[in-house]
4 protein chains.
Amino acid sequence: MTAVNAITQENIVVGEIANGLPLTIPVYRLKGQGNGPSVYIQANMHGAEVQGNAVIYQLLEQLKQLPLLGDITLVPYANPIGCNQKSGEFTLGRFDPITGTNWNRMYHDHTGLIECFLQAQQNADEQELKAQFKALLIEQTQNLLDGPAYSLTTGKRIALNLQLLAHQADIVLDLHTGPISAKHLYCPLYAKASARYFDIQNVLLIPEGFGGAMDEACFSPWWQLSLALAAQGRTFPVAVEAFTVELGSQEKIDLAEAKRDAASILSYLNYKEAIVAGNYQPATMTRYGCYLKDYLAFYSPMGGMVEYTAPLGEPIPAGTTIAHILRMEQYLSEQPLHSIKIDTPAIPILHFASASVNQGTELYKFFTHYFEL
Amino acid sequence: MTAVNAITQENIVVGEIANGLPLTIPVYRLKGQGNGPSVYIQANMHGAEVQGNAVIYQLLEQLKQLPLLGDITLVPYANPIGCNQKSGEFTLGRFDPITGTNWNRMYHDHTGLIECFLQAQQNADEQELKAQFKALLIEQTQNLLDGPAYSLTTGKRIALNLQLLAHQADIVLDLHTGPISAKHLYCPLYAKASARYFDIQNVLLIPEGFGGAMDEACFSPWWQLSLALAAQGRTFPVAVEAFTVELGSQEKIDLAEAKRDAASILSYLNYKEAIVAGNYQPATMTRYGCYLKDYLAFYSPMGGMVEYTAPLGEPIPAGTTIAHILRMEQYLSEQPLHSIKIDTPAIPILHFASASVNQGTELYKFFTHYFEL
Amino acid sequence: MTAVNAITQENIVVGEIANGLPLTIPVYRLKGQGNGPSVYIQANMHGAEVQGNAVIYQLLEQLKQLPLLGDITLVPYANPIGCNQKSGEFTLGRFDPITGTNWNRMYHDHTGLIECFLQAQQNADEQELKAQFKALLIEQTQNLLDGPAYSLTTGKRIALNLQLLAHQADIVLDLHTGPISAKHLYCPLYAKASARYFDIQNVLLIPEGFGGAMDEACFSPWWQLSLALAAQGRTFPVAVEAFTVELGSQEKIDLAEAKRDAASILSYLNYKEAIVAGNYQPATMTRYGCYLKDYLAFYSPMGGMVEYTAPLGEPIPAGTTIAHILRMEQYLSEQPLHSIKIDTPAIPILHFASASVNQGTELYKFFTHYFEL
Amino acid sequence: MTAVNAITQENIVVGEIANGLPLTIPVYRLKGQGNGPSVYIQANMHGAEVQGNAVIYQLLEQLKQLPLLGDITLVPYANPIGCNQKSGEFTLGRFDPITGTNWNRMYHDHTGLIECFLQAQQNADEQELKAQFKALLIEQTQNLLDGPAYSLTTGKRIALNLQLLAHQADIVLDLHTGPISAKHLYCPLYAKASARYFDIQNVLLIPEGFGGAMDEACFSPWWQLSLALAAQGRTFPVAVEAFTVELGSQEKIDLAEAKRDAASILSYLNYKEAIVAGNYQPATMTRYGCYLKDYLAFYSPMGGMVEYTAPLGEPIPAGTTIAHILRMEQYLSEQPLHSIKIDTPAIPILHFASASVNQGTELYKFFTHYFEL
């Protein structure tokens with residue numbers, strides 16, 4: 001008979017809205033046996049990207065009956081402002097509606113801590129370094145939260161509360177979606193070997209550096225620490241893996257697909273020995289990689305009404321028509337229908353959510369110079 | 001060899017924006033032989049409902065080579081504010097962003113003119129009545145536009161400019177879409193016989209009355225006139241047909257589908273002898289009717305993340321699960337996944353565009369008590 | 001020594017948002033001696049109209065130490081969606097962001113109950129009629145709330161919950177503000193005598209009829225009942241008074257002004273013998289009345305940038321310049337600066353909140369054909 | 001008799017909206033005698049910041065009758081999307097409504113050109129360096145505009161078009177406003193001496209560095225060039241002055257105030273010998289400076305309704321109450337009214353535009369560690 005793991009729930013307070021009510025986020029925890037890496041998974045930081053909540057639902061349904069080696073923390077509804085912000089029929093949850101700041105660009109960059117840390121820990125061994133650095137990241141995040149109340153923006157306070165949870169884990173998955181999108185994975189270069197345990201065909205390889213996102217906030221300090229030690233001639237493998245998992249399209253709940261995505265994540269966690277779940281194995285598929293610098297944003301060359309024609313997720317040759325743009329304002333004097341082509345081989349990863357665009361609206365994102373992983 | 005009909009374009013000015021630039025709408029006209037009813041077709045009054053522009057494109061491509069009996073006027077981009085209003089990635093064009101007023105509820109109700117009109121035209125014959133009443137509608141609409149500039153709202157001015165064009169026609173089609181939607185037709189009861197010439201399976205039958213929409217603004221005065229004359233013992237068939245044609249889902253351009261929708265409209269125009277296009281015939285299909293009073297808005301019984309499961313456009317039996325609602329806030333203490341059922345046989349016509357809803361958000365609209373047409 | 005009245009708080013649940021959290025509204029209650037009319041006061045139904053919360057604060061500070069004859073119920077933050085809905089820096093709380101429906105147009109019209117009610121209560125005396133009709137309004141409102149969960153929109157559910165509280169009172173005050181506005185009072189015609197107990201110079205006199213607002217929802221059924229009985233030859237004074245109190249401008253908290261507004265309300269409640277507070281007496285001022293039909297909405301005759309020049313709240317002669325409109329798009333070829341005049345004597349009551357307008361944006365609202373009350 | 005200078009208008013196309021209509025910006029030009037620095041002034045890059053248009057109106061009224069030494073270019077309505085974007089009653093024009101990107105953070109950083117430029121121009125004298133570098137900035141901006149159409153976002157295209165005009169000038173003024181704000185000036189450190197020719201009491205001193213704003217885009221390349229030459233032992237004064245002039249509060253047109261602001265700008269232009277206007281002299285006032293690093297953003301320590309109490313523009317001592325925050329959700333169990341104090345001497349420069357805030361909303365911005373200029 002399968003044992004059932006206990007799940008506990010805590011609601012953390014991450015802010016307050018105008019009528020004084022608290023903003024809370026539910027945090028679900030499963031206790032592991034203590035002999036595997038700990039895991040942190042969150043979803044729905046962007047308001048319209050709801051499918052991650054369904055994946056967390058399916059994960060909970062599975063995890064409660066699987067042997068757990070490390071602790072697992074699951075956070076749906078990571079952004080209580082974003083997921084409740086409608087403007088018209090759609091969820092306007094990609095940025096703070098007051099400031100325009102992308103909710104996933106407000107995490108804190110702790111790489112500045114490394115220099116002092118290494119000076120203080122010159123004689124520490126690998127295990128000690130790891131423990132001390134993890135403690136430092138947690139402590140510094142808490143310090144920021146404990147600073148003067150007037151020093152934190154709404155979004156930074158939410159981000160730091162989540163980051164505080166994430167720094168406690170060895171594995172971090174931030175579940176997102178694109179607008180209309182194929183599945184893809186943001187994978188730090190050093191963790192490329194792990195990418196093949198996810199059932200995700202297209203993998204974006206991320207260099208060190210920090211742009212404010214959750215995955216970067218988690219892997220950057222550890223990666224930079226590793227590089228700093230390498231510069232001293234010491235080998236220190238990056239101790240944390242963090243990914244942004246792009247589950248497909250926003251504004252969509254698909255419970256069956258969520259079950260498949262949960263299986264893909266369980267396959268990775270099994271590989272990392274966070275759980276014991278040998279029946280979750282990665283699917284056989286051709287996986288493609290693309291360096292971040294080759295991830296092409298293709299902005300609309302004109303204003304108009306768009307029929308998107310490129311197949312998402314699959315390689316297309318140079319010269320493929322990716323969209324028709326209809327312009328009915330000058331039907332008589334201009335060409336009303338334009339075919340937009342891409343001039344390089346590419347994998348279309350996502351396209352804009354709306355059929356009407358201004359000149360300069362991001363029409364597509366493409367993998368270019370992609371390669372088999 | 002096929003003759004090619006001349007198309008002319010005029011840009012009408014319907015307002016001015018804050019920086020003083022004019023709001024203009026392109027109007028395309030084809031001249032008929034003068035022996036058929038005149039036709040007015042507009043699209044995109046609601047900003048996100050763009051597919052009608054593609055249908056007008058396909059209509060123009062066909063109409064320029066077909067024999068035309070009546071004059072035809074085609075107006076894409078009927079609302080230059082709505083179709084350019086983004087809020088996040090989607091078009092926020094269902095209502096005036098300043099006032100919240102639905103752009104398709106601002107047309108003018110001319111039924112108040114009937115009483116005086118009939119007193120003045122007691123001896124007119126049917127043809128004269130028709131000509132005089134049409135002239136009156138046009139004149140009164142123009143009078144409203146010529147009134148004091150301070151008396152018209154932004155939306156009313158746009159609506160009146162369009163209505164001025166529409167009252168000149170005998171047949172009016174207002175092309176719309178739902179959020180996520182099956183095709184359906186708003187058809188005034190008296191014009192039920194015409195509904196079968198459109199390739200649209202589901203037909204909503206509208207009583208007399210005025211709610212502010214374009215179709216109502218066009219058919220109501222004529223219908224009320226007919227009823228008023230009937231009360232005097234005179235038979236006066238309603239002289240104008242007006243429909244709202246719901247083309248499917250918003251935020252989508254599909255050129256092939258637009259061609260099929262254009263064919264469906266041409267089939268109707270051929271039947272009405274506005275054009276000669278005998279090769280455009282309605283498809284054979286079971287058509288369903290539903291009275292407006294039985295058009296059920298189904299509001300979400302709870303807040304949550306929604307998986308829509310009802311097949312749009314097809315009859316479903318009572319008890320069918322129409323949605324799953326996921327609630328991850330209380331995974332441990334409450335049921336996280338709810339099945340929402342409908343308790344009556346129905347045809348799901350449309351559902352909400354977003355996967356996250358508040359309690360009370362309109363989840364679906366259903367035909368209930370539907371019947372074969 | 002002044003006795004201190006007990007205040008109790010209840011949080012009523014009026015809905016649920018997308019992440020499943022409840023929407024709640026705080027309700028404060030003070031118990032009276034049972035020998036005066038009961039009072040219901042709410043604020044902030046429109047999100048940006050926050051000053052009413054400050055007035056309720058100041059009322060609570062006073063009421064806790066005044067002799068109360070009737071029960072008093074005070075509801076700040078009446079709309080938990082509206083007051084937390086930002087779009088940019090301002091609160092976008094005038095309408096449901098999904099549907100565009102004005103939050104103050106969703107109350108229920110119970111006048112349809114009157115005919116049956118009177119048939120059933122033919123022999124009741126005035127006191128019985130009042131008690132029975134009040135009970136009926138409460139019961140029917142509760143029935144609507146207890147109907148199928150799928151039958152209520154988000155806004156209707158909020159409105160009905162508030163209406164349920166309001167129907168229990170004999171006096172209802174709905175605290176609002178205009179955009180940029182002078183104080184004014186919406187007063188039903190039959191209650192004109194009460195208007196002079198408020199320190200509000202400008203009074204809009206409202207006919208019977210129902211447009212969906214809270215004040216109308218409360219006074220219309222009673223007014224119609226009174227009229228129906230009058231038609232039977234019975235005298236039945238309208239048993240409920242309900243006002244919309246417009247406190248000035250939105251997006252502004254002014255605690256000192258709120259104290260003055262609280263005093264004005266206490267003066268009215270003292271007059272109505274809901275409280276004993278003889279030291280609260282109305283200020284001496286010239287009060288002006290205007291019939292609703294003469295309340296002129298003045299829409300901008302052109303697009304442009306507006307300098308508002310009319311003094312709010314004070315009579316101006318015909319021909320007064322009420323705005324300059326700057327148009328820098330055609331500085332060379334057109335007049336860049338336009339003076340907008342009003343051609344009738346008027347009292348400017350409010351103007352648009354923004355300095356940039358489209359043609360047709362509501363620029364001002366004016367009392368015309370006003371008279372001394 | 002005063003000569004009248006010719007003004008010419010050109011409308012530049014900076015993009016296209018969804019219905020295919022062009023986005024245009026009016027550009028006004030006055031020709032100088034060729035013996036003074038050229039001037040570029042723009043306004044209204046942020047949609048709600050309209051007062052700059054009125055200042056340009058007043059400048060044109062004066063400049064057409066003043067002796068001009070350098071050419072002058074004036075651009076009102078610099079952002080045709082922003083100034084026409086309403087969401088509710090207010091203008092939502094601070095950021096691209098699709099992406100959230102601040103319209104004033106999209107200018108291009110040309111400092112990367114300096115290294116190659118200096119290698120190529122080793123023997124050039126100061127005048128030649130200036131001419132060549134200016135030509136290079138213009139050419140490179142044009143190159144970006146001439147690149148593949150798919151490579152530019154909507155905002156970048158607008159910004160580059162404006163930057164192309166600005167790089168042609170020796171003096172650049174970008175007219176902005178704050179939300180509710182005192183006048184203040186963003187002044188690059190090297191141009192501190194110029195600050196006293198504006199009638200602006202509070203001056204923010206900006207270091208080299210680039211954050212994406214127009215002023216930085218104009219002064220940074222020249223400042224970095226000067227620093228690079230200084231490192232080679234050559235003296236090359238920064239050849240361009242660029243300021244962001246903050247005119248006060250947004251959503252407000254005040255023509256009389258605009259005339260005063262125009263006079264202040266004319267005083268500066270007279271000092272720089274771009275015009276001859278000796279009767280425009282700076283007002284005598286105490287001017288305060290503050291380094292950008294000491295410009296304190298003060299975020300709301302709690303959610304609530306705010307009464308702003310700090311006097312804008314004037315020094316306040318440590319401990320001053322800057323706001324009362326009202327919280328009516330827990331009137332009985334918590335303190336409903338909070339006094340927010342600042343713990344350091346400061347000059348309040350601006351505060352949030354709305355009276356309701358979340359925890360973490362930017363409440364105020366303060367000069368701290370300010371000093372007399």
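Predicted model: local features only at pLDDT ≥ 70, side-chain atom pairs only at ≥ 80, totals over all residues.
Local features require pLDDT of at least 70 and side-chain atom pairs count only at pLDDT 80 or more, whereas totals for chains, interfaces and linings use all residues. Residues are numbered from 1 along each chain as its sequence is written, chains are lettered from A and ligands numbered from 1 in the order in which they are written, and side-chain values use heavy atoms, with hydrogens and water left out.

**Chain A as a whole**

Chain A contains seven helices and 20 strands; helices (H or I, at least four residues) and strands (E, at least two) are DSSP runs, numbered from the N terminus. Its radius of gyration is 22 Å, close to the 21 Å that the globule rule gives for 373 residues, so chain A is as compact as a globular protein of that length. The radius is taken over C-alpha atoms, and the globule rule is 2.2 Å times the number of residues to the power 0.38. Along the principal axes, the C-alpha atoms of chain A fill a box of roughly 75 × 50 × 50 Å.

Of the 373 residues of chain A, 64% are buried. Buried means under 20% relative accessible area, exposed means over 50%, and partly exposed lies in between (1.4 Å probe, protein chains only). The accessible surface of chain A is about 12800 Å², and 50% of that surface belongs to carbon and sulfur atoms. These areas come from the Shrake-Rupley method with a 1.4 Å probe; for residues, only the protein chains shown count as cover.

Among the contacts in chain A with a separation of 6 or more, 72% are between residues 24 or more positions apart, where contact means heavy atoms within 4.5 Å. Chain A carries 23 positive and 35 negative charges, and their mean positions are 3 Å apart. Lys and Arg count as positive and Asp and Glu as negative, while His and the chain ends are not counted. Each charge is placed at NZ of Lys, CZ of Arg, CG of Asp or CD of Glu.

**Relations between the copies**

Two copies of a chain are related by a rotation about an axis and a shift along it. Chain A is superposed on chain C by a rotation of 180° with 0.0 Å of shift along its axis, at an RMSD of 0.0 Å. That is the relation of a two-fold axis. The superposition is by least squares on the C-alpha atoms of residues with pLDDT of at least 70 in both copies. Of the residues of chain A, Gln85(A) comes closest to this rotation axis, with its C-alpha at 3.7 Å. Since 100% of the interface residues of chain A are also interface residues in chain C, the copies meet through the same surface.

Chain B is laid on chain A by a turn of 180° and a shift of 0.0 Å along the axis, with an RMSD of 0.0 Å. Here 100% of the interface residues of chain B are also interface residues in chain A, so these copies too meet through the same surface.

**Selected residues**

Met214(B) belongs to helix 6 (residues 214-231) of chain B and is buried, with a relative accessible area of 0%. Its C-alpha atom is 8.8 Å from that of Leu173(B), 41 residues away along the chain. Leaving aside neighbours within four places in sequence, the contacts of Met214(B) include Tyr40(B), Asn104(B), Leu162(B) and Asp174(B).

| Residue | Loop between | Chain |
|---|---|---|
| Thr361(A) | strand 18 (356-357) and strand 19 (362-368) | A |
| Glu251(C) | strand 11 (241-249) and helix 7 (255-271) | C |
| Asn44(D) | strand 3 (39-43) and helix 1 (51-63) | D |
| Arg105(C) | strand 6 (90-91) and helix 2 (114-120) | C |
| Leu332(D) | strand 15 (321-326) and strand 16 (337-341) | D |

Thr361(A) is buried at a relative accessible area of 5%. Not counting residues up to four places away in sequence, Thr361(A) touches Phe298(A), Tyr299(A), Ser300(A), Phe352(A), Ile98(D) and Thr154(D).

Glu251(C) has a positive phi of about 55° although it is not a glycine, and is buried with a relative accessible area of 10%. Asn44(D), also a residue other than glycine, has a positive phi near 75°; its relative accessible area is 0%, and it is buried.

Arg105(C) is partly exposed, at 43% relative accessibility. Arg105(C) and Ala213(C) are 108 residues apart in sequence and 4.9 Å apart in space, C-alpha to C-alpha. Leu332(D) is partly exposed at 40% relative accessibility. Beyond residues up to four places away in sequence, Leu332(D) touches Ile7(C), Thr8(C), Gln9(C) and Tyr28(C).
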